[in-house]
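Here is my note on the model, in numbered points. Please read it beside the coordinates.

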Amino acid sequence: MSKIDIRTISITDLNTDAIVNAANEMLLAGGGVCGAIFRAAGRSQLQAACSAIGHCDTGSAVITPGFSLKARHVIHAVGPRWSGGSRGEAELLASAYRRSLELATEHGCRSIGFPLISAGIFGYPLADAWKVALKTCCGYLAEGHQIGIVFAVLDERNAELGREILRYVAPAGLQRP
C-alpha cells in the first residue's frame, strides 16, 4: 500500500522517481525550491527543456527529465499566489497537486517528492497549504493509485505541522509514519 511521508530534507536529495518543482507559469528558473532544483539538475539543460514547453497554467503541471538529479523526472507544478483565499486558490492548488500525481503515474513513477507548493514566495498560509496538499494526495491514494509520496521541507517545525494535519486528513488504512 502506498503512503505519505513528511521529511526534513532538501527535495534535491530525495531518491524518488520524480520530484516536483514549485514553478512559475513561464517555467523560468527562480529562487527557493525552484532555484535549488535547477542548480542540482543542471541549470542550462533544465531551462532548455522548460523553454521547449514554454508555459504552464496555474493549477497545472508539466514534466521534464531530471538530468543530473537522482530523480528521473521533474514535474513543474504551478500553484496559485495567495490573494486572501477568495479567488479559487484552494482549487488551483489542489489541481496542481492532482496533475502532478497524474503525470507521475502516466510516466510509470512509483514515488514522487513534493515541496509545499505555494507556501513560499507565493504566500499561501502554511496550515492551509498543508491541508490542501494532504487532502489531495490522500484522495488520490484512496482511489487506488499506487505511488509513494514524500513531502520534503527544510524546517522541522513545518514538518511537524504537516504530520499533525496528516493524522486528521488521512483515511483509515492509509499507511503513514
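1. Strand β5 (residues 111–114) and strand β6 (residues 148–153) run parallel and are joined by 4 bridges. Strands, like helices, are DSSP runs numbered from the N terminus; a strand (E) needs at least two residues, a helix (H or I) at least four. Two strands pair if DSSP finds at least two bridges between them. Isoleucine 112 has isoleucine 149 in β6 as its bridge partner.

2. A word on the basis. This is a predicted model, in which local features need pLDDT of at least 70 and side-chain atom pairs count only at pLDDT 80 or more, while totals for chains, interfaces and linings use all residues. Residues are numbered from 1 along each chain as its sequence is written, and side-chain values use heavy atoms, with hydrogens and water left out.

3. β6 also pairs with β1, again in the parallel sense, over 5 bridges. There, arginine 7 has alanine 152 of β6 as its bridge partner. How much of β6 is buried? The strand is mostly covered, with 5 of its 6 residues buried. Buried means under 20% relative accessible area, exposed over 50%, and partly exposed in between (1.4 Å probe, protein chains only).

4. Contact means heavy atoms within 4.5 Å. Axes are lines fitted to C-alpha atoms, for helices over the stretch in contact, and angles run from 0 to 180 degrees between N-to-C directions.

5. Next, the helix pair. Helix α1 (residues 32–41) packs against helix α2 (residues 43–53) at an angle of about 110°, with the axes 6 Å apart. That makes α1 roughly perpendicular to α2. The bands are: under 35 degrees roughly parallel, over 145 roughly antiparallel, 65 to 115 roughly perpendicular, the rest oblique. Ile37, Phe38 and Ala41 of α1 meet Arg43, Gln45, Leu46, Gln47 and Cys50 of α2. By class, this contact has 5 nonpolar, 2 polar and 1 charged residues. Ala, Val, Leu, Ile, Met, Phe, Trp, Tyr, Cys and Pro count as nonpolar; Asp, Glu, Lys and Arg count as charged; the others, Gly among them, count as polar.

6. Threonine 12 deserves a look. It lies in the loop between β1 and β2. Its relative accessible area is 16%, so threonine 12 is buried. Its side chain makes a polar contact of 2.8 Å with the side chain of serine 10. A polar contact is a pair of N or O atoms within 3.5 Å; within protein, one must be able to donate a hydrogen and the other to accept it, and residues adjacent in sequence count only if both atoms are side-chain atoms. Leaving out residues up to four places away in sequence, threonine 12 touches Ala36, Ile37, Ala40 and Leu69.

7. Threonine 136 sits in helix α4 (residues 126–142). Buried or exposed? Threonine 136 is buried, at 14% relative accessible area. Its side chain reaches the backbone oxygen of valine 132 at 2.7 Å. Beyond four places in sequence, threonine 136 touches Ala94, Tyr97 and Arg98.

8. Leucine 126 is also found in α4. It is partly exposed, with a relative accessible area of 37%. Neighbours within four places in sequence aside, leucine 126 is in contact with Leu116, Ala119, Asn158 and Leu161. Its C-alpha atom and that of leucine 93, 33 residues apart along the chain, are separated by 13 Å.

9. Two backbone points to check. Leucine 27 is not a glycine, yet has a positive phi of about 60°. Leucine 27 lies in the loop between β2 and α1 and is buried, at 1% relative accessibility. Phenylalanine 67 has a positive phi near 50°. Phenylalanine 67 lies in the loop between β3 and β4 and is partly exposed, at 33% relative accessible area.
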